[in-house]
Amino acid sequence: MKLLSKAALDIIEQLNLCGHEAYAVGGCTRDMLMGRENHDTDITTSATPEEIKEAFSALRTVDTGIKHGTVTVISEGIPFEVTTYRTEKGYSDGRHPDEVTFTSSLTEDLKRRDFTVNSIAYCPHKGFVDPFGGREDIEGRIIRCVGNPEERFTEDSLRILRGLRFASVLGFGIEKKTADAMRNCKELLGIVSKERIFSELSKLLCGENVKDILINYSDILEVVLPEIKGMKGFNQHNYHHIYDILEHTAVVTESIEAVPHLRFAALFHDCGKTECFSRDENGTGHFYSHPSISAAKAEEALLRLKSDTGTREAVVKLVKVHDTPIEESERIIKRRLRSMGEELFFDLIKLQRADTKGLAPEFHSREAHFDTLEKMARQIIADEECFSLKELKIDGNDLINEGFIGREIGNALSSALDAVIDGKIQNKKEELLAFCIKNK
Ligand code: ATP
Ligand code: MG
């Protein structure tokens, strides 16, 4: 088992020397028991915020949430959140406690925590303190609420999404009563801030168990993601597909690299299919213009969820072109590199590759095609071939010198680039200028 870092142990030790109890708690203890990396160590202590600051007068401290008992202690350059044991009461807004009271009981502090696997405390002298069976649930790979699940989700509905997120990231199942309560309380998710929903969804989508969570808990996720409504059980009536739209989406999401914009693109890539289904005379299903409908829905969803602009723009662009085949032709690849930029071009291949994993097995052999496309694009880039204006051997100034003005300049550069990509002219200054002048 991976032990706590020296810096974390020093903090516990220092609080003990000052006469206070102190334990590592929450995600770090859980991850330590599972042998997983954890980014931050949270410390819970019997010391009041004033006593915490006194104990660390030699170090830099920040009053992160002094009213709630949290002081950040910076040790060896690493920030540690040190929080006084506390209980919470009264969640009248369904999200935040009305009242936080400090307590001297570690068990009381552990009781307010969301899931058993998150309510294990550890310190080197006393070992594990685990009053709610968190270790057994880690062993059994299960997410279970501390206390009565419906009460806990009514207090703070964000916990529903946190529970799904932990199940996805840790690869755990969800205990039946906890899952039932998630369903009974799902509408309460409506009061959670969009930013928190976006942040939880991003982590959930990047989890190793995302496929099962999307398939088994879509009814809950629909409350925050109405875009996925109607996907479950939607038979595509097409020989490419052995899955319904939801299962296909879940497989594609699981198959793509675990980075938020790629996972969101996978999640939304076919969400417009439910709106444009038709069947031809043979009974085969078609979804004409589903990429643009999906892209519009993805944009709406990500605006609503207050996604960062970079993620939103990348997702919308990827979804829009996800279904357009790319030929193994230098000219086509250069055009794509030009219109999308290098990074997004490779992302598109990742999305198309993942998309085929969600098809019937006979279409999985398309892998070789994507390998070829990647190889060809890498070669074009390595050879510094011309596919964007920055590689073109003339620029706006050259055209101004030739008497071009205003819009003419951009239009001429763009046409010259097209001609170079299409192999009609060479990327040489004289040739380019002659081309522009001729076509002015
Ligand atoms: P991560 O790996 O994402 O940091 P974590 O378990 O550390 O996971 P945090 O959000 O950092 O999660 O919270 C630290 C701890 O605080 C949790 O493990 C849990 O004990 C408690 N906690 C956090 N949010 C809630 C909540 N909404 N309700 C109850 N307890 C919570
Ligand atoms: Mg944490």
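Predicted model: local features only at pLDDT ≥ 70, side-chain atom pairs only at ≥ 80, totals over all residues.
Residues are numbered from 1 along each chain as its sequence is written, chains are lettered from A and ligands numbered from 1 in the order in which they are written, and side-chain values use heavy atoms, with hydrogens and water left out.

**Domains**

The domain assignment, which is automatic or comes from a database, divides the protein into domain 1 (1-135), domain 2 (141-224), domain 3 (233-360) and domain 4 (389-438). Taken over C-alpha atoms, the centres of domain 1 and domain 4 are 64 Å apart.

**Pockets**

Rolling a probe the size of a water molecule over the atoms shows where empty space is left. Here a pocket is an open set of points, on a 1 Å grid over the protein atoms alone, where a 1.4 Å probe fits and protein lies on both sides within 12 Å along at least five of seven lines; lining residues have an atom within 4 Å of a point. Grid points are joined across faces, edges and corners, and a volume is the space filled by probe spheres set on the points.

The largest pocket holds about 1400 Å³ of space. It is lined by 44 residues, of which D42, R113, D114, R162 and R196 are the closest to its centre. Because domain 1 (1-135) and domain 2 (141-224) both give residues to this lining, the largest pocket lies between them. Helix 7 gives the most to the lining, with seven residues, where helices (H or I, at least four residues) and strands (E, at least two) are DSSP runs numbered from the N terminus.

The second largest pocket has a volume of about 540 Å³. Among its 24 lining residues, H240, D323, D355, L359 and R366 are the closest to the centre, and helix 17 supplies the largest share of the lining, three residues.

**Ligand 1**

Around ligand 1 there are 14 residues, and R30, D156, R159, R162 and R165 come nearest; a residue counts as near if one of its heavy atoms lies within 4 Å. A polar contact is a pair of N or O atoms within 3.5 Å. A polar side-chain atom of R165 lies 2.7 Å from an oxygen atom of ligand 1, and a polar side-chain atom of R113 lies 3.2 Å from an oxygen atom of ligand 1. For D114, a backbone N or O atom lies 3.1 Å from a nitrogen atom of the ligand. Ligand 1 exposes 590 Å² when taken alone, and the protein buries 78% of that, with accessible areas from the Shrake-Rupley method and a 1.4 Å probe.

**Backbone angles**

Most residues other than glycine have a negative phi. K306 has a positive phi near 55° and lies in the loop between helix 14 (290-304) and helix 15 (309-321).

Note on methods
Polar contact = N/O pair within 3.5 Å; in protein donor to acceptor, adjacent residues only side chain to side chain.
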